[in-house]
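Dear colleague,

I am handing over the structure that we spoke about, and I would be glad if you kept it open while you read.

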Amino acid sequence: MNPTDPVLQALNNGNNPTTTLTTTSILTASQTGVTSATNEPDIDSLKSTPNGELVLTTEGDGPGCCDPVGEFTLIAHPGASNQTVTNVPVTNGGSNVQGIDDVIFPGATSGWLYVAETGANQVDKVWLTGLDPNTPIIAIGGLNEVALVNPSNGDVESALLSGLNSPHGMEFLAAPEPSTWAMMLLGFAGLGFMGYRHAKTAAAA
């Protein structure tokens, strides 16, 4: 891949494209930090942050691979004239990590995390609480763990799951926030009270 080749494109035909597909380039290999055709980025999963930035993962990159820096890329205002691209190298103890497969920004303080362990041919389901919605959760194959990573400098802060067998794809299902639960309970109580009054009025009639 030439560093000027696009690695991320927007489909111009909308959600229900017909006839010939047309695209607009959003990101090129050089914007992910690649400087030569010999260091091809291992582009993988695409997610988004709570504020709408796109998150592109470089998967197998890192020490001993095609690109020595394992990182994820944040694209703000994708495709617009004010688009910005930020590459965040992921490090552990000052060393670049290898095998970043998926990056998720939870967008909530609690929820269910699903992690595919390809080496074990299984999917793990874990309930997490006390999360920072804007702190990324990253599957790091080189460390065989899923970890919280500092969003500003890419340092691994703490492992959420360790001893995994080739962790890859992830998904996070957020739980309703406490305020949302409170509103739901109030709504159910209101519906119950209205039903009670309706039944009482019908009985009196």
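Two strands are said to pair if DSSP finds at least two bridges between them, and strands themselves are DSSP runs (E, at least two residues), just as helices are DSSP runs (H or I, at least four), both numbered from the N terminus. Please keep in mind that this is a predicted model, in which local features need pLDDT of at least 70 and side-chain atom pairs count only at pLDDT 80 or more, while totals for chains, interfaces and linings use all residues. Residues are numbered from 1 along each chain as its sequence is written, and side-chain values use heavy atoms, with hydrogens and water left out.

The protein chain holds 1 helix and 15 strands. Of its 205 residues, 34% count as buried, where buried means under 20% relative accessible area, exposed means over 50%, and partly exposed is in between (1.4 Å probe, protein chains only).

Four of the strands make an open sheet, in the order β3-β4-β5-β6, with antiparallel pairing. Because β3 (46–48) and β6 (84–89) stand at the edges with a single partner strand each, one side of each is left without a neighbour in the sheet. Strand β5 (residues 71–76) pairs with β6 in the antiparallel sense over 6 bridges, and Glu 71 has Pro 89 in β6 as its bridge partner.

In the loop between β5 and β6 you will find His 77, whose phi is near 50 degrees, a positive value in a residue other than glycine. With 46% relative accessibility, His 77 counts as partly exposed. Ser 166, in the loop between β14 (156–161) and β15 (167–174), also is not a glycine and has a positive phi of about 60 degrees; Ser 166 is partly exposed, at a relative accessible area of 24%.

Leaving aside residues up to four places away in sequence, Thr 135 touches several residues, including Ile 104, Phe 105, Leu 148 and Glu 157, where contact means heavy atoms within 4.5 Å.

Finally, Trp 127 is found in strand β11 and is partly exposed, with a relative accessible area of 42%.
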